[in-house]
Amino acid sequence: MSHPGTTARFTLDPAFAVGGVNPRLYGSFVEHLGRCVYTGVYEPGHPMADADGLRQDVLELIRELGVTTVRYPGGNFVSGYRWEDSVGPREERPTRLDLAWKSTETNEFGLGEFMDLCAKTGMEPMMAVNLGTRGVEDALRLLEYCNHPGGTELSDRRGAHGAKEPYGIKMWCLGNEMDGTWQIGHKTAEEYGRLAAETARAMKLIDPELELVACGSSASSMPTFAAWEATVLEAAYDEVDHISLHAYYEEIDGDRASFLASAVDMEHFIESVVATCDHVRARLKATKRINLSFDEWNVWYQQRPNPHPVEDWQQAPRILEDVYTVTDAVVFGSLLIALLRHADRVTAASLAQLVNVIAPIMTEPGGLAWRQATFFPFAQASAHGRGRVLRVEVDSPTYPTTRFGDVPLLHATAVTDDETGAVTVFAVNRGQDTTLPLEIDLRGIEAHTVVEHLVLADTDPEARNTADQPNRVTPRAATGSTVAEGVLRAELEPMSWNMIRLTSQQG
């Protein structure tokens, strides 16, 4: 029995919506970094490899995950990327130093192999151009190679490499994290803004329908944050369609309460960038709105030492291979909720990354592929979080945090499919040891039958999936979720991610 003031509540009304979910919200990211590519998606000698060297067990998991777009080839890697090294006969491709990650790149997996990966998994490619060591001319050459139908030197070269039909890549990133001093070819906001505008104008001479993403700040903690976005957009507003956001979260010094509230920071970050974009829109008296591409986000333990010894210039070293706990998965789910709650402006996002490197899918060379704990919230959201996001204003008990003050125990969103009337609620209970009663007033909602309530939680907050125990953490059915007199009532377990699906159909 719940006590007064201990129940979380909100009202759903189809007349009050945030906006439609762009399928690109469920994107991911493949960078030439660590084992994401080599022994991740690509391992020719593996028993499950297809004729092109792609691991079919990994491809199956990517399809199950429901990834819609994939950003490539970086990340920091793109700022030294020589795309022409990665095309043509494999035996003729040069081996290069990758300065971004101090690794050796064989280019055995290149642009054609990436497009093959996209074709076999149904992912839309999201290509990044090198504005670190290169610039306008190289971006044009890569675009012509990828997208021009034929009859030119570069488009015919693509045809000679086995791809007669153009790739038709529509979404392009204009560099990566150019505000960061760690970036090869790092630039000031003025330098980058002008280069991004010049590159965008030139690329749209080839294809006016391209959708272009300008680099925003590498993190909201950057000293130039917001000023960077404003300066870049003043230079490139008319030429670009999106500005990027990057954010990673981790538990620091055992402060789990603040870690569970990470989405408070993410939502503030999104709202700050929206405000900056709209300020520039007002200054320029522009009509179009700039949308947000949150093309790097995840839980990432950057302060932990790497358990694997790594020397400079190794090929595909074991780096950034975080093993995620059920706690991480709950925070991860909350970050997904934050993206959905801003679906009117966040129209693309990329979970960084897809395989092995801070990823929902892990592999062993020659061995298994398995799902990390974070796999499940993403797969559920991609499968059922399609349609219109309804406005959710939570009335919830709070708990204290060091970083964010008092934070609601409940973090939630809801998505309705206007064609079927089905409604899916995604909800996180941030409380570490308290069950949270939930009441949802389904005002105007015809879906009153609970199809399923799946929960991801565990009595051990450190529970995780490994090669030895690949199914230790999995979603399970929760009981007792009912609708009576237009109110959905459910119990959210401590520190849990929940998906509750409702339908109007009886059965």
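Buried means under 20% relative accessible area, exposed over 50% and partly exposed in between, with a 1.4 Å probe and protein chains only. The model is predicted: local features need pLDDT of at least 70, side-chain atom pairs count only at pLDDT 80 or more, and totals for chains, interfaces and linings use all residues. Residues are numbered from 1 along each chain as its sequence is written, and side-chain values use heavy atoms, without hydrogens and water.

**View A. The aromatic pair of Tyr 38 and Tyr 42.** Tyr 38 and Tyr 42 are both buried. The structure holds 15 aromatic pairs, counted where ring centres of Phe, Tyr and Trp (its six-membered ring) lie within 6.5 Å; planes under 30 degrees apart are stacked, over 60 edge-to-face and the rest tilted. Tyr 38 and Tyr 42 pair edge-to-face, at 6.1 Å centre to centre and 80° between the planes.

**View B. The aromatic pair of Phe 77 and Tyr 81.** This pair is tilted, with 5.8 Å centre to centre and 45° between the planes. Phe 77 and Tyr 81 are both buried.

**View C. Packing of helices α1 and α2.** Helices are DSSP runs (H or I, at least four residues), numbered from the N terminus. Helix α1 (residues 56-65) packs against helix α2 (residues 111-121) at about 55°, the axes being 9 Å apart. Axes are lines fitted to C-alpha atoms over the stretch in contact, and angles run from 0 to 180 degrees between N-to-C directions. Leu 59, Ile 62 and Arg 63 of α1 meet Leu 117, Lys 120 and Thr 121 of α2, contact being heavy atoms within 4.5 Å.

Notes: Helix = DSSP H or I, 4+ residues; strand = E, 2+ residues; numbered from the N terminus.
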